[in-house]
Amino acid sequence: MLSLLCSLSFYAQDYFPTNNGVAKNNTNYTAITNAKIFITPTNVIKKGTLLFKDGKIVNVGTSVRIPKSTYIIDASGKHVYPSFIDMYSSFGIEKPIRKPRQQTQQYDASRTGFYWNDHIMPENNALTKFKYNSKQAKALIKAGFGVVNTHIQNGIIRGRGALIALNNNGGNERRIISDNSGLYLSLNRSVTTNQSYPTSIMGSMALLRQVYLDANWYSKGLSKTKDLSLEALNKHKNLVQIMEAGSRANIIRTDKVGDQSGIQYTILGGGDEYERIKDVKATNAPLIIPINFPDAYDVEDSFLTSALTLHQMRAWNQKPTNPKVLADHGITFALTTHGLKSPGKFKANLAIALKYGLSKAKALEALTTIPAQLLKKSNTIGSLKKGLLANFLITSGDIFDEKTIIYENWVQGEQNIIESMNNIDIRGDHTFSLDNQKYTLTLKGELSKLKSEIKSGKDILGSKVTYKDHWLNITLKTKDTINKAFIRIVAQPDANKNLKGKAIMPNGLDMPFISNYKKKDDVVKSKDAKDKKLTNKILPVTYPNNAYGFNKLPKAETLLFKNATVWTNEKEGVLEKTDILIKNGIIANIGKNLSYSKAKTIDATGKHITAGIIDEHSHIATASVNEAGQNSTAEVTIEDVIDETDVNIYRNLAGGVTSIQILHGSANPIGGRSAIIKLKWGESANNLIYKNSPKFIKFALGENVKQSRYSNGVRFPQTRMGVEQVFVDYFSRAKAYNALKKSKKPYRKDLELEAIAEIINKKRFISCHSYIQSEINMLMKVAEQFNFNVNTFTHILEGYKVADKMKAHGVGASTFSDWWAYKYEVNDAIPYNAAIMHEQGLIVAINSDDAEMSRRLNQEAAKSVKYGNVSEEDALKFVTLNPAKLLHIDQKVGSLKVGKDADIVLWTDHPLSIYAKAEKTIIEGVTYFDLEKDKKIRAQIKKEKIQLVNMMLLAKNKGLKTQPIKKKEKKYLHCNSIDNEQHKQHQH
Amino acid sequence: MKKLKFTSILMLCCSILLAQQTPAPKQIKDIAIVGATAHIGNGNIIENSIIIIKNGKIDTIGKSERPKLNDQDINVINAKGKHVYPGFIVPNSTLGLIEIDAVKASVDNAEIGALNPNIRSLIAYNAESKIVESMRPNGVLIGQITPRGGRISGTSSVVQFDAWNWEDAAVRIDEGLHVNWPKSFSRGRWWLGEDPALKPNKDYDKQVTELNNYFLQSHAYDKNANNHLPFKATKGVFNDSKKLYMHVDYEKGILDAIAFAKKNNIKNMVIVGGREAYKATSTLKINNIPVILQRVHSTPNSDDDDYDISYKHAKLLVDQDILVALETSGDMERMNTRNLPFHAGTTVAHGLSKEQALQLITLNAAIILGIDAEYGSLTQGKSATLFISEGDALDMRTNILTHAFIDGRAVNLETHQTKLWKRYSKKYKEQNKLVSKP
């Protein structure tokens, strides 16, 4: 279909020898005349001329002087646009082959002379793996692209890209516009190495931060050794830095890393930016946006359909609005074919985006001027200004009209014919008569792949057509169904699209053939207009954009609860028939017979009010739990990876939980930093984090950190003996690091040691996963050696054996109510643990480490009444005030006291009773969960899903493609969960 | 000081000697429990009751109006203000088959291979498991020990939780065959580079046909032949000597499994798990199929589900007159099983009455497991397998057992855990005494 005219080759390689004939140096000009030329999306000229030579535009305008030796192409009635640019491409570079997993973990780099981490490869150069692929190029040219920025899509820092003109003529010497056209990055590990670190998104983020610090340090000549990676990174720091985020959430994450490192990334999004457009806008990041809109699900099987989530279904409905939403919010973005099965799908998907409201001008910008500008190549590509590459499209009309034909795509002055301009557009209805029979011929589809429908009277007759070299051939089955016979027609259109030629009748006789083209512009137009009109209702985005999300974020209210049993957790104890006033997000008053006219009054007679439940040990609402790639990962932080869309936030609210500590897992002795959040369902991830949050870090001991269930662990430590040495070593190093910093001598900023130094400096608290008494005792002794206290032992199932020592050390305990028997080290775990530690004067909390249990923590606390006779008031404190104390947030939360945050729960019954339900869960005066509202939301979800099923059925009936159903599986993360790991045992 | 040392040595010895609790001897003397609220297990209660236990059986149960008891012939337990319940029963349990999840050497719950009807859980049941003994203080006294894995996991037996060995523990031997119905969704083999997402199981029909053929083959098999142990073991489901426990979650699977049982003329089928049983209530009801419902304390299957779907599921079925029992399988299932009463309690917060909830873990379970002639309720003539609690046994705060009996034997309520509790409590008590008296 696509043909390239080699004879029009302009270039000559002056200094190359010629052995195949005489030197041919074409110095002709080429001019496209009489066209509507889009010099830029906003600068459009009519009857213009585009003059170019040697692949570059010499002049463009309405009164261009055409030199003598000019090859002129008349493009009357045609449109000329700059060819498109795809700045996120792997064109010509083979997909890296995944290195098979090894039995044994690999902790060291596979190479030397480079950065210590294999996933950091700024020294890579796309061209070293580049092989021009003319088949791929043809597909892109056909889709309208002239230039792509290609790169090796592998690793975290992937090296520099190459800007390639899709010039099928000649060699790379002409196609390479730049071999230095941007530095590419991602959060994804390289598949060609097995080096463990990083295993998580948060690890990738921390690694990037450290690399930037190291590059800066290296640039000052402070390194004693050679590092080609850092040298390359420094060398390319002024290139556009293109980050593959791949989702709205990762846009926010990667932009944060960039901001902290003084870099504004240009970010590849995921097409889901509309879900939190304001946050995306706030990044100020230019974006590259894929338009791989999902097909409707095949919802005919109602059993399977019930497995679809509202979020999955909404994505089909809402995603096509994404480009429009981005444009409406003034976000700079380029479009890419990335994520599409083939560039052939691009046009159709772009048409969808336009149908959903993206303006044509924005679409054209996103394909031409914006990518050129983002690549800092506006002087070479992206428009049809003088001096730029002669990369342009000739079309039959408005390029974004579905009927428009792209005739030619010129790249570097080389012509690529997609559809012959000579082929007159004969699509439409034609009428003709043969043998006194009247026929109607309808021609439709792509001009090069015409489809026909021939009717005679009421009969539809079988027919086939080909349209090539401006000759139309028709094979037509006659009405005679017994003797299968054919009429063959060959004809050519005239300027009025009437066809003239001959028909060869079944009897072999020729007859003249003349048809009349029926001008049906009006009809066609109105049909087009109907097509263009959006028939699907676009469902509103909620916060978060899944089931149970809010249509509008709820606001803080002034609330007066009357006549409740109030569990203050203060010296007042439990107050009967008491009122609580909540104002401005805080507890304004507690007492009897309160009144406040502006407040919404809630009768709480017979009900109980407690402080919101606090879970010291949670792994919900996060995209990663473990960075397992090293034995210490103090540089990573859960704050980087909060997932505010996790429905477990809502479910925890339904269990009365208001604050949680999301801890790093227990894969290594020194884990990552925590996130302490409030469960403000609907808010953006960063708004969940406590303001001035106390700093915490996870440590871990025992079976998990010594990789007890690895068949051949090679990572130090493999014994409890080694665990101690890891700590002593790191604290010693952190001490030395501290001293070096204080000395004002130059030092390499090390994010890992920074966090560990904070521990020694008492600025960061340890919450340590622990089970057996020996190791508990050990960590306390190590801490004492370095003159600080362990803040919390979490799990601490043998805490009861060393409660006296813990008391002496001054550490708190956050334990399970009754878990045991899941591994060897919990053999002596007893449900009386909390009671004994409490009796010995420790601050005791009960935690969940589990998305199900966390929504019943009041019940877990109640078990302490059974196991060890703890008083009910104290038991409730195990899941409210005590975890608040352990987390150093008890100034704000954990008890009901005037002036504290209004984080409260209204219970239907005694809060420690198995029969109690949370009726309202309130954070800072905002009702995030309400039993009554929950009922309404359920009905709303059902309704919306039925609506979406109907829309999808309609789409299928209309003949649109559908996709098979996939079941979204909730991933429940635990202490030892690893990103991307599918099957795992739960070992807490 | 010397004395103290001696005591601790003594205690250490004791704790080694008494690693497990000693099973109680046969009941000799009659026992009367007087004044308690008796929760019968069938939905009724008797306040201020009297229960007389003779030869391991409930001899009398009724209102305690004027008890005339001779203390010399009978042990009288004054249980005024307390509550008596039938021993709780847990179906579909792996208690005694695994001691420590993470220690492979202690794991005996799933044999290799897909079709293991002849595999018998009973003989691997560790009557001396430290986890089993920890059931008793919470009132869980009977369990169905169930093999796991494969398409046909094997054959289960019902045991009581106070015995020297599996033979003594057995209540009903080889009572049921456990089949894992083909899943509606299957996962790509991610380690081979396939998309790991759950997709409709394209082999579903094939797997159902295979299972059906296996049952047809077993049906045709000569029961006196001895050359195919698996077929032989399957045969029981056709002559009602074994129940068929169909482990199935999705609505479609449940409906198909019911059709399968009908087609194969299997009269005694039980749905186990049944995550989506609430969607199939009418078919379950018409066909009289009981459900052993998955762990109440579970997260919903889908993001969109009601947050309390697992909590209220039992109510949704009970309201349709479906016979429901509760099970606790899943993550950490063995140690979690002692929370069975609280799973039942949760169903009360979500709609059932307390006595209905109690039925789920007593009489209903007994009927489903086919042991209701002897167990499951406080009924004259039934086994005296019951316990006394200080208060409401479905609530954590008041589930505090003073006595438990299995077949009239007064069961020891100490465990590895209570011993450690007492040992360390004592340690601190003495230590603190020393501190306060210098």
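Two strands count as paired if DSSP finds at least two bridges between them. In this predicted model, strand E9 (157–160) and strand E12 (residues 183–186) of chain A meet that condition, since they pair in the antiparallel sense over three bridges; within this pair, Arg160(A) has Leu183(A) as its bridge partner in E12(A).

**Chain A as a whole**

- Chain A contains 24 helices and 47 strands, and its C-alpha trace spans about 110 × 70 × 55 Å along the principal axes.
- Of the 988 residues of chain A, 52% count as buried.
- If one takes the contacts in chain A between residues at least 6 apart in sequence, 67% of them join residues that are at least 24 apart.
- The chain is divided into domain 1 (85–335), domain 2 (428–531) and domain 3 (611–929), and the centres of domain 2 and domain 3 of chain A, taken over C-alpha atoms, are separated by 77 Å.

**An open sheet in chain A**

- Strands E9 and E12 belong to an open sheet of six strands in chain A, which follow the order E9-E12-E13-E14-E15-E17 with mixed pairing.
- Strand E9 (157–160) and strand E17 (333–336) of chain A stand at the edges and have a single partner strand each, so one side of each is left without a neighbour in the sheet.
- On average, and with direction ignored, neighbouring strands of this sheet are turned by 20° against each other.

- Strand E27 (residues 486–493) and strand E28 (residues 499–504) of chain A pair in the antiparallel sense over six bridges, and one of the residues involved is Val490(A), whose bridge partner in E28(A) is Lys502(A).
- The hairpin of E27(A) and E28(A) has five residues between the strands, and Lys497(A) takes a positive phi near 70° there.
- E28(A) also runs antiparallel to strand E29 (residues 510–518) of chain A, to which five bridges join it; here Lys500(A) has Ile514(A) as its bridge partner in E29(A).
- The hairpin formed by E28(A) and E29(A) likewise has five residues between its strands, and Gly508(A) in the turn has a positive phi of about 95°.

- Met505(A) lies in the loop between E28 and E29 of chain A. Is this residue buried or partly exposed? A residue needs 20 or more other C-beta atoms within 10 Å to be buried, and Met505(A) counts as partly exposed because it has 17 C-beta neighbours inside that distance.
- Leaving aside neighbours within four places in sequence, Met505(A) is in contact with Ile487(A) and Met511(A).
- The C-alpha atoms of Met505(A) and Leu434(A) are separated by 9.0 Å, although these residues are 71 residues apart along the chain.

- In helix H8 (residues 310–318) of chain A, the buried residues are Leu310(A), His311(A), Met313(A), Arg314(A), Trp316(A) and Gln318(A), and the buried residues of H8(A) pack against strand E16 (296–297) and helix H24 (931–957) of chain A.
- The largest nonpolar core has 390 residues, of which Leu50(A), Val80(A), Ile609(A), Ile51(B) and Met246(B) touch the most other members; helix H3 (residues 201–219) of chain A gives the most to this core, with ten residues.
- Not counting residues up to four places away in sequence, Val80(A) touches several residues, among them Ile32(A), Phe38(A), Leu50(A), Phe392(A) and Ile394(A).

**Contacts between chains and domains**

- The contact between the chains takes 56 residues from chain A and 45 residues from chain B. Helix H7 (302–305), H8, helix H14 (647–653), helix H21 (857–866) and H24 of chain A each supply at least two residues of the side that touches chain B, and H21(A) gives the most, with five residues.
- By class, the side of chain A that touches chain B has 29 nonpolar, ten polar and 17 charged residues.
- Chain B is assigned domain 1 (2–85 + 413–436) and domain 2 (88–375), whose C-alpha centres lie 32 Å apart.
- In chain B, 15 residues of domain 1 are in contact with 16 residues of domain 2, and the residues on the domain 1 side divide into five nonpolar, ten polar and no charged.

Key: Residues are numbered from 1 along each chain as its sequence is written. Chains are lettered from A and ligands numbered from 1 in the order in which they are written. This is a predicted model: local features need pLDDT of at least 70, side-chain atom pairs count only at pLDDT 80 or more; totals for chains, interfaces and linings use all residues. Helices (H or I, at least four residues) and strands (E, at least two) are DSSP runs, numbered from the N terminus. A residue is buried if 20 or more other C-beta atoms lie within 10 Å of its own, exposed if 12 or fewer, and partly exposed in between; C-beta atoms are placed from the backbone. Two residues are in contact if their C-beta atoms, placed from the backbone, lie within 7 Å. Domain bounds come from an automatic or database domain assignment. Ala, Val, Leu, Ile, Met, Phe, Trp, Tyr, Cys and Pro count as nonpolar, Asp, Glu, Lys and Arg as charged, and the others, Gly among them, as polar. A nonpolar core is a set of buried Ala, Val, Leu, Ile, Met, Phe, Trp, Tyr and Cys residues joined through C-beta atoms within 7 Å. Axes are lines fitted to C-alpha atoms, for helices over the stretch in contact, and angles run from 0 to 180 degrees between N-to-C directions.
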